[in-house]
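User: I would like to go through this chain with you. Could we begin with how far the coordinates can be trusted?

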Amino acid sequence: MVATARRAEYDASDSSTRTEVVTETISDSSARRISPSRVNWVTTTFLLLTPLVGLVWGIVHIHAAGVHPVEIAAFAFYVCATGFSITTGYHRLFAHRSYECSRGVKIVYLLFGAAAFQHSVLSWCSDHRRHHKHIDHDEDPYNIQRGFLWAHIGWLLVMEHKDRADFSNVHDLSADPWIRFQDRFYVPIAVLMGFAVPFAIGWAAGHPWGCVLWAGVFRVVLVHHSTFLVNSLAHTLGRRPYTLAVSARDSVLTALLTFGEGYHNFHHRFAADYRNGVARRSWDPGKWLIGGLESLGLAWDLRRIPRERIVAAQLACDEERLLAPVPGRSEQARACLRERFTEMSACVERAASRLGSVEREFAAAREQWGLRRRAQVKHLRAELRSARIEMRAARLRWRTVLAGLASGSAALST
Ligand SMILES: [Zn+2]
Ligand SMILES: [Zn+2]
């Protein structure tokens, strides 16, 4: 079974907006026959029933009783609580250890993460670590090479992975008694937090079943598919600015649909970073929440990849695209392109190095106490502003030169 999709060629003149759509050749493995004994009936029933029940019950309930503000408030609260428990909790804290946090925050993640009905931390993180390790290969549980639908939901419906219960890649997590407790009592915690608590909130407000419908059923379906899009859409739609070696892509649209997890190319290249959207204005509510917890003293040791390494990855990616073998291009033309690219990248690397060191000094100064702190922070803030302007100018020149080189290289090849 072969599915094809178009692949847009890299065009440096429009590299900021260009969307690449992955070409997939779905391997024969996707066509494997699925016998009923391999279907994961519990998960399949839950994943199919929740949207169906939501649709039928939703129509009947809204027609009969309308929509009450308390139902919307409970829904909004539960979407945020369970959504962030998956993205900033299950994903960035537990799976990647990209920061540390207080016990209270961890318990909130464990409770509301269970309410998201995406299995326990141990199971979720084991699958996710395998995904990072074997991305785009057979051992990747949600391998996008097997098709969009497989990566989105299919992998959950079939019991295929022999080592599904093998938690050998999450030893660090299973050493934690709170995480072991959540794994052991996952189902009762999930039902209690996911449906019983919304019922209790609604009962106190006089709308018990409306709250179960909105904060329970509707919310479960929404957060499920938001998470699933990270496995499907974030490996299909968008650009690859940091690495061409994997299918993961950066897309603002995916970020908007997934609580900021759409900068997936950056994430697969620098999984240890607590941010997904590394640019200051990137839509990444998860990084803002973690930053907020840090300023309240509830999170610490936030891991940030140095700016120099991030810029070096972007340059390497651009160079790889620019110097990719093109029929008809001579060795001499390639050497000429390489030389001009190296000249331009030296200037970008200088600006990144200055900005990186000022950012680190600024972060260190903010952590100090005493009279000198204020003066130092003020001085470094000005320095930071100037280094950012220099980086912005270098980046602009980078894009312009790259566009020129790309069109020049096309001419050289003809
Ligand atoms: Zn991924
Ligand atoms: Zn990850």
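**Confidence and packing**

Analyst: This is a predicted model. Over residues 1-31 the pLDDT stays under 50, and the model has 54 contacts beyond four places in sequence for that stretch. Where pLDDT is low, the predicted coordinates should not be read in detail.

User: What is the mean pLDDT of the chain, and what share of residues reach 70 or more?

Analyst: The mean is 87, and 88% of the residues reach 70 or more.

User: How many helices and strands are there?

Analyst: The chain has 15 helices and 4 strands. Of its 414 residues, 37% are buried. Taking contacts between residues at least 6 apart in sequence, 68% join residues at least 24 apart.

User: Now the packing. At what angle do the axes of α1 and α5 cross?

Analyst: Helix α1, residues 41-65, and helix α5, residues 148-157, cross at roughly 135°, and their axes come within 7 Å. The two helices are therefore oblique to each other.

User: Which residues make the contact?

Analyst: From α1 they are T43, T44 and L47; from α5 they are I153, L156 and L157. By class, this contact of α1 with α5 has 4 nonpolar, 2 polar and no charged residues.

User: And α2 with α12: how far apart are the axes?

Analyst: The axes of α2 (residues 69-95) and α12 (residues 285-295) are 10 Å apart, and the helices pack at an angle of about 75°. That angle makes α2 roughly perpendicular to α12.

User: Which residues meet there?

Analyst: F84, T87, T88 and R92 in α2 meet G286, L289 and I290 in α12. The residues in this contact of α2 with α12 divide into 3 nonpolar, 3 polar and 1 charged.

User: Changing topic: what span does α14 reach from its first C-alpha to its last?

Analyst: Helix α14 covers residues 331-367, 37 residues in total, and reaches 52 Å. That is close to the 54 Å expected at 1.5 Å a residue.

User: Which of the residues of α14 are buried?

Analyst: The buried residues of α14 are F341, S345, V348, A351, A352, L355, G356 and V358.

User: How far is the C-alpha of R366 from that of V377?

Analyst: The two C-alpha atoms are separated by 6.5 Å, with R366 and V377 lying 11 residues apart along the chain.

Technical notes. Residues are numbered from 1 along each chain as its sequence is written. Chains are lettered from A and ligands numbered from 1 in the order in which they are written. This is a predicted model: local features need pLDDT of at least 70, side-chain atom pairs count only at pLDDT 80 or more; totals for chains, interfaces and linings use all residues. Axes are lines fitted to C-alpha atoms, for helices over the stretch in contact, and angles run from 0 to 180 degrees between N-to-C directions. Angles under 35 degrees count as roughly parallel, over 145 as roughly antiparallel, 65 to 115 as roughly perpendicular and the rest as oblique. Two residues are in contact if their C-beta atoms, placed from the backbone, lie within 7 Å. Ala, Val, Leu, Ile, Met, Phe, Trp, Tyr, Cys and Pro count as nonpolar, Asp, Glu, Lys and Arg as charged, and the others, Gly among them, as polar. The expected span of a helix is 1.5 Å times one less than its number of residues. A residue is buried if 20 or more other C-beta atoms lie within 10 Å of its own, exposed if 12 or fewer, and partly exposed in between; C-beta atoms are placed from the backbone. pLDDT is the predictor's confidence in each residue, from 0 to 100.
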